[in-house]
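Please look over the sequence and the structure shown here, and then follow the explanation below.

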Amino acid sequence: MTLRISNLGKHYGDAPVFENVTLGVEPGEFVAIVGESGVGKSTLLNCMAGLDSWDQGTVTHDGTDIGALDGEACALWRRKHVGFVFQAFHVLPHLDVAQNVSLPLMLLGQHRQPGDASRVAHMLEAVGLPGMGTRLPQTLSGGQLQRVAIARALVHRPALLLADEPTGNLDPTTAAKVMELLIGQTREHGASLVLVTHSESAAARADRLLHLTASGIRA
Ligand SMILES: Nc1ncnc2c1ncn2[C@@H]1O[C@H](COP(=O)(O)OP(=O)(O)O)[C@@H](O)[C@H]1O
Ligand SMILES: [Mg+2]
């Protein structure tokens, strides 16, 4: 399932954010995006997930024209195919950790399938939060919340993994562990990984490193 961005442009009123952004990400490929603060990295990831709109160009995933989907169709596509690690976590405060992680499975109607609880437990173990499923988010640190968000983004094995500075709040050891998970999902399950990062060590592991500027994206 290839992600293809063609000639994407976005502006707020008269203020352009970016233009002429063209890139493709193949299954199993890991692309890192760097760029100055405010250049539109988060906006671009949101466009890739169909969470934001754009003014020029197209986003397609496995041939599906994401811009042509209506809100509901886009939500269904996203549910099935996208894992998104938001910069601000967006962990739901009234759900415990295990419920947060199993949310994608629940939305896909897979949460009562055999093995679901063990899949959630396995994800929590993989992000270094074993046995913390019954904790509420308010009892976790920033780094722990970020790992809950990462477990949630991976639990349904999405084909498209979008991560916005996912190691920003983590110590180097935990950051390396999280990168292993994201890269593992990419290599083993053929996901396409797009990672926005300020971390040189994370970017160094990418197949391609791209720089986003106001006038386009380049190697
Ligand atoms: N709702 C909005 N209205 C106007 N400008 C916005 C809005 N949201 C974001 N922007 C602007 O779009 C630009 C890109 O933001 P963002 O994608 O968050 O950048 P980055 O993630 O690279 O730091 C910024 O200059 C920001 O101020
Ligand atoms: Mg950002």
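Predicted model: local features only at pLDDT ≥ 70, side-chain atom pairs only at ≥ 80, totals over all residues.

By residue type, the contact of H5 with H6 divides into five nonpolar residues, two polar ones and one charged one. Two packed helices are described by the angle between their axes and by the distance between those axes. Here helix H5, which covers residues 142-154, and helix H6, which covers residues 172-189, pack at an angle of about 10°, and their axes are 11 Å apart. Angles under 35 degrees count as roughly parallel, and H5 and H6 are therefore roughly parallel to each other.

The other part to examine is the surroundings of ligand 1. Around ligand 1 are Tyr-12, Val-17, Glu-36, Ser-37, Gly-38, Val-39, Gly-40, Lys-41, Ser-42 and Thr-43, and this shell divides into three nonpolar, five polar and two charged residues. Helix H1, made of residues 41-48, gives the most to the shell, with three residues.

A polar side-chain atom of Thr-43 lies 2.5 Å from an oxygen atom of ligand 1, a polar backbone atom of Gly-38 is 2.7 Å from an oxygen atom of the ligand, and a backbone N or O atom of Lys-41 lies 2.8 Å from an oxygen atom of ligand 1. Taken alone, ligand 1 exposes 570 Å², and the protein buries 52% of that area.

Note on methods: Residues numbered from 1 in each chain as written. Chains lettered and ligands numbered in written order. Heavy atoms only, no water. Axes fitted to C-alpha atoms, helices over the stretch in contact; angles between N-to-C directions. Helix = DSSP H or I, 4+ residues; strand = E, 2+ residues; numbered from the N terminus. Parallel < 35°, antiparallel > 145°, perpendicular 65-115°, else oblique. Nonpolar A, V, L, I, M, F, W, Y, C, P; charged D, E, K, R; others polar. Near = heavy atom within 4 Å. Polar contact = N/O pair within 3.5 Å; in protein donor to acceptor, adjacent residues only side chain to side chain. Areas by Shrake-Rupley, 256 points an atom, 1.4 Å probe, with all protein chains shown as cover.
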